[in-house]
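Trainee: Could you show me how to read buried residues, ring pairs and cavities in a model?
Mentor: Gladly; let us look at it together.

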Amino acid sequence: MLQNLHIKNMALIDEIEVNFEDGLNILTGETGAGKSILLGAVNIALGGATGKELLREDAEYGLVELLFDIRKPQTRDALMKMDLPLLDDDSLIISRRIYPNRVVNKINGEMVTVSKLKETAGILLDIHSQHEHQSLLKKSNHLHILDRFGHDSIEGLKQIVEADYQNYAACREEYDRQQLDEETRRRQMDFAGFEIQEILDGALLPGEEEMLEERYRKMTNSREIMETLSRVYQSTGYEQTDSAGNQLAQSLSLISKTSEYDKNLDSLQEQLSTIDSLLNDFNRELAAYMSEMTFDSEAFQEVEQRLDQIHRLEAKYGNTIPLVLEHLEKQQAEYARYEDYEACRQNLEQACQKALDQYRLHAEELSRARKKAAKRLTEMIEQALRDLNFLDVQFQMEFRTLEQPAKLGMDDAYFMISTNVGEPVKPLWEVASGGELSRVMLAVKSCLAEVDAIDTLIFDEIDVGISGRTAQKVSEQLSLLGKQHQVLCISHLPQIAAMADVHYKIEKHVTDGKTITRMERLSEEASIEEIARMLGGVEITETVLSSAAEMKDMAKRTKKY
């Protein structure tokens with residue numbers, strides 16, 4: 001759950017730190033006190049848009065920190081899969097420090113991307129703002145709600161259907177690509193045949209280019225090689241007075257005579273003799289190499305022409321011989337396809353039909369799972385709506401089959417509702433008013449909360465467009481929701497404020513000529529005074545205070561049952 005919220009230097013907020021608790025946490029305050037700024041700051045911490053205009057005037061930076069106490073094992077597991085280990089006390093800290101020209105995002109002290117923040121937020125809490133009511137008017141969101149409700153039985157099938165769809169779409173794309181008229185087929189076949197023949201005529205061999213380039217380098221540098229070897233032969237041979245061989249022979253003769261006087265010199269004589277023998281062998285091999293080395297202009301021309309041919313083919317079809325041969329195989333396959341075009345087209349058509357049949361098989365299975373989940377979901381929503389003062393409501397889900405395959409399956413599904421006796425059910429967007437939409441969304445959230453692992457639910461003015469008995473029913477529903485989840489709710493209605501397990505007041509103060517938003521947790525007495533303000537407006541009389549206290553007592557009695 002969300003344990004602590006810390007905001008600094010954001011808009012009207014100088015610094016606020018507040019601890020939240022289990023159950024229903026209600027936030028109230030005058031219009032313009034800064035409730036929207038507070039929720040906006042939470043959104044920012046969870047990856048929402050930022051900008052220097054959000055900073056308090058003259059502030060170097062703005063800071064939003066959220067401290068979560070992670071209790072559910074499935075939440076822990078989900079965070080671990082994201083490589084987000086918890087702190088020692090099973091807590092997790094999200095912080096965003098906003099500077100005029102940059103933003104620093106951290107989770108448990110480590111810098112992360114905005115996308116990581118958003119992904120983490122999806123695991124930890126669900127924020128419902130006023131504009132989200134309107135999302136119910138969008139038909140495509142209805143199927144998303146259903147899939148979220150029936151996740152365990154639906155998600156695996158959705159993944160299979162999506163994979164089937166991708167397979168079918170790729171097959172269909174290839175089939176459409178192969179639709180050629182006879183003239184085009186002949187032209188492409190001739191082109192492929194020309195490239196095939198040109199490469200085959202080249203008779204390329206793997207490794208041939210490297211071997212020829214080595215020969216070419218040797219031939220083009222043969223004169224320099226010969227001159228260098230001649231100098232080496234002269235300096236190491238026995239023909240020149242100062243050559244290494246001649247000097248070595250003289251040295252061997254001298255040590256041989258000297259060894260007669262000291263037998264210990266025999267080993268040195270043997271080493272020198274070995275060196276002389278090795279040098280002699282080297283000179284013989286060098287002389288043989290030089291005698292065999294000749295420049296054949298005809299052979300040089302053949303190597304040069306062959307390399308030119310290889311390079312031309314590489315320039316057209318690939319940078320290396322293996323790539324040219326790979327292109328050859330591709331063109332041979334294309335040629336075979338053009339040559340037997342009708343058979344190839346029939347094979348593709350059969351493959352597409354097989355992929356489509358596979359897709360439909362799993363799409364129908366997915367549709368059955370959805371309809372089964374929809375029956376449970378609509379029954380639960382209908383009951384929740386009755387609890388929210390829709391006395392004669394009917395709530396259903398209509399299923400139609402799409403004409404063409406789609407990534408999410410063949411279902412076109414949307415909610416249907418009737419709010420009055422004798423009226424037929426109609427699509428939700430044709431019937432519901434603003435206040436009705438907010439209650440439908442609360443009912444949906446209540447039902448989803450039973451299957452979601454999300455600990456914290458935040459509602460921003462879920463009470464829009466309602467009053468009286470309906471407001472009382474909404475407060476009771478929020479209280480029930482608060483028994484399963486931590487609920488944070490910004491409200492203007494005294495009925496909802498009275499139902500709070502914990503009540504916070506947000507208000508503006510002027511300090512040193514600056515407007516500052518503050519937030520405080522209210523005591524029992526202060527909560528009654530705040531409810532009285534919500535009931536009575538400007539003047540709070542004893543009668544209004546008495547009504548507020550009575551409303552608080554009634555809420556306590558209601559929560560016991």
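Trainee: Are F20 and Y504 buried or exposed?
Mentor: Buried means under 20% relative accessible area, exposed over 50%, and partly exposed in between, with a 1.4 Å probe and protein chains only. Here both F20 and Y504 are buried. Keep in mind that this is a predicted model, where local features need pLDDT of at least 70, side-chain atom pairs count only at pLDDT 80 or more, and totals for chains, interfaces and linings use all residues. Residues are numbered from 1 along each chain as its sequence is written, and side-chain values use heavy atoms, with hydrogens and water left out.

Trainee: How many aromatic pairs does a search of the whole structure find?
Mentor: Rings of Phe, Tyr and Trp (its six-membered ring) pair if their centres lie within 6.5 Å; planes under 30 degrees apart count as stacked, over 60 as edge-to-face and the rest as tilted. The search gives five such pairs. In one of them, F20 and Y504 have ring centres 5.3 Å apart and planes at 65 degrees, so this pair is edge-to-face. F20 lies in the loop between β2 (13-19) and β3 (24-28) and Y504 in strand β14 (residues 502-511), so the pair ties together parts 484 residues apart in sequence. Helices (H or I, at least four residues) and strands (E, at least two) are DSSP runs, numbered from the N terminus.

Trainee: Why is the pair of Y165 and Y359 tilted?
Mentor: Their ring centres are 6.2 Å apart and the planes stand at 55 degrees, so the pair is tilted. Y165 belongs to helix α5 (residues 151-177) and Y359 to helix α13 (residues 341-387), so parts 194 residues apart in sequence are tied together. Y165, at 22% relative accessibility, counts as partly exposed, whereas Y359, at 0%, counts as buried.

Trainee: And which residues line the largest cavity?
Mentor: Rolling a probe the size of a water molecule over the atoms shows where empty space is left. On a 1 Å grid over the protein atoms alone, a cavity is a set of points where a 1.4 Å probe fits but cannot get out, and lining residues have an atom within 4 Å of a point. The largest cavity is lined by L5, F20, L27, L38, L39, V42, I458, L488, C489 and I490.

Conventions
On a 1 Å grid over the protein atoms alone, a cavity is a set of points where a 1.4 Å probe fits but cannot get out, and a pocket is an open set with protein on both sides within 12 Å along at least five of seven lines; lining residues have an atom within 4 Å of a point.
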